[in-house]
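Here are a few notes to go with the structure you asked me to look over. Have it open on your screen while you read, and take the points in order.

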Amino acid sequence: MNILKKIYYRVFQGVIYLVFPFLGLRKPELLVGEGTVLEIPRLVREKDLGKPMIVTSKDLINLKLLDSLFAKLNEEKIPYYVYDEVAPNPTIAMIEAGVVKFNENNCTSLIAFGGGSPIDCAKGIGARIARPRKEVSKMKGILKIQKKLPPIIAVPTTAGTGSEATLATVITDEATHDKYPINDPNLVPKYAILDPVLTVGLPKGITSTTGMDALTHAVEAYIGKGNTKETKDMAIKTVQLVYDNLLTAYSEGNNIKARENMLLAAHYGGIAFTRAYVGYVHAIAHSLGGMYGIPHGLANAIILPYMLEYYGETIYKKLAELATVVGIVGISDQEKAERFIQWVKDMNATMKIPSKISEIKEEDIELMAKRALKEANPLYPVPKFMGMLEITQIYKKLMG
Ligand SMILES: NC(=O)c1ccc[n+]([C@@H]2O[C@H](COP(=O)([O-])OP(=O)(O)OC[C@H]3O[C@@H](n4cnc5c(N)ncnc54)[C@H](O)[C@@H]3O)[C@@H](O)[C@H]2O)c1
Ligand SMILES: [Fe+2]
């Protein structure tokens, strides 16, 4: 890649890094533990949240995951409206339909209930309520909302995205199959409820891939050049929690402690990357999610080792630090880093996550590569830049 371009990217990232503390980034008020979902009615009343619209999916309703919340809201006579049209990889159409329902039903706040998809959809709805004249596609990128959203209570039912803590929402344009993040501090939910009871029924394949998403957030944040003391601490905590709990949550789904620790891992990972950003793993994963609907965590889990190998010696030191945190030893930084990458591969293999993405078609690579580069550059402070040539090679390796 052209040296002037690289300099421009680093200057851009440096400016964002410096202005970040002035953007008013908040953290959500947090409730953690078994049964905390039942605290929501109290929260709605105490914080004057009026009539919330619950944004979720039909699948989660059918799983009866919301029943206890509905019962408690009814018992407390709190009015609410349920919008359950969200599906994985939420689209602009889902947001727009939600905005109509929010307004028609005179709602005043949002309860985002589900995995990253319902939480992101709720954030999108909130953004469009705040900015009724700005289309979703015009919010792509960074700092395009700049207005307060209705208050959001985020209730994750997967342990991966950390969306309940982040300034991002990731939306798919159903017409173009472009999936892109919108980043704005106003997207950080006001409240987050981490109730492990909601995640005990997660199928193995979702526990594994969403858990690897949390790991990817932490690793991409940590190896990047946008860290602060806090993002490093958060990333380290995430890696440690994933190392200690993901396989337990995977093999003993009803282990409440492991489930709670994975929710915390996802949350801390979210805090880490909301300030330090993600990198090419996510940019490529989004392109694959938009083009083929590949689940986000699955894509990340598969891509992560390929990207870490591509970065090579530029990240040995950082990966060696993460390796040391979890007790992986070696005689040099290189050896520790390589063993850390091997651990990621072993985790995938143990949890039956494949190492290739068979959906990738040769003829789509150019468009996906362009989209991924557009998402990542200049915003993500990645350890080493890629151009078209390098990123195309990654897609080719992924397809096998
Ligand atoms: N905003 C952010 O900061 C951020 C960060 C990472 C990822 N994302 C986005 O989040 C989305 C992915 O979210 P996700 O990985 O949480 O998956 P998801 O929300 O798409 O859900 C995946 C599947 O899990 C099911 N599910 C969810 N909770 C369940 C439960 N408790 N029991 C049984 N089934 C359950 C859902 O019905 C769905 O079929 C992607 O669009 C991704 O791009 C956003
Ligand atoms: Fe992610």
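In which sense do strand S5 (residues 141–142) and S8 pair, and over how many bridges? Keep in mind that this is a predicted model.

1. S5 and S8 run in the parallel sense, with two bridges between them. To find the spot, look for Gly141, which stands opposite Ile182 in S8.

2. S8 has another partner too: S7 pairs with S8 in the antiparallel sense, this time over six bridges. Here Val170 sits opposite Pro181 in S8. S7 and S8 make a hairpin with four residues between them. Check His177 in that turn, as its phi is positive, about 60°.

3. Is S8 buried or exposed? Six of the six residues in S8 (residues 178–183) are buried, so the strand is largely enclosed by the rest of the structure. In a regular strand, side chains alternate between the two faces of the sheet. You can follow this along S8: Asp178, Tyr180 and Ile182 are on one side, while Lys179, Pro181 and Asn183 are on the other, and both faces are covered.

4. Now zoom out. Across the boundary, 30 residues of domain 1 are in contact with 32 residues of domain 2. S7, S8 and strand S9 (191–194) each supply at least two residues of the domain 1 side, and S8 gives the largest share, four residues. By class, that side of domain 1 has 13 nonpolar, twelve polar and five charged residues.

5. Where does ligand 1 lie? Domain 1 and domain 2 both give residues to its shell, so ligand 1 lies between them. The shell counts 31 residues, and the closest are Pro88, Gly115, Gly116, Ser117 and Thr166. Among the elements that give two or more residues are helix H6 (116–130), strand S7 (168–173) and helix H7 (204–223). Sorted by class, the shell has nine nonpolar, 19 polar and three charged residues.

6. Last stop, helix H9 (residues 256–276). H9 has 21 residues and reaches 30 Å from its first C-alpha to its last, close to the 30 Å expected. The helix is mostly covered, with 18 of its 21 residues buried.

Technical notes. Residues are numbered from 1 along each chain as its sequence is written. Chains are lettered from A and ligands numbered from 1 in the order in which they are written. This is a predicted model: local features need pLDDT of at least 70, side-chain atom pairs count only at pLDDT 80 or more; totals for chains, interfaces and linings use all residues. A residue is near a molecule or strand if its C-beta atom, placed from the backbone, lies within 6 Å of it. Ala, Val, Leu, Ile, Met, Phe, Trp, Tyr, Cys and Pro count as nonpolar, Asp, Glu, Lys and Arg as charged, and the others, Gly among them, as polar. Domain bounds come from an automatic or database domain assignment. The expected span of a helix is 1.5 Å times one less than its number of residues. A residue is buried if 20 or more other C-beta atoms lie within 10 Å of its own, exposed if 12 or fewer, and partly exposed in between; C-beta atoms are placed from the backbone. Two strands pair if DSSP finds at least two bridges between them. Two residues are in contact if their C-beta atoms, placed from the backbone, lie within 7 Å.
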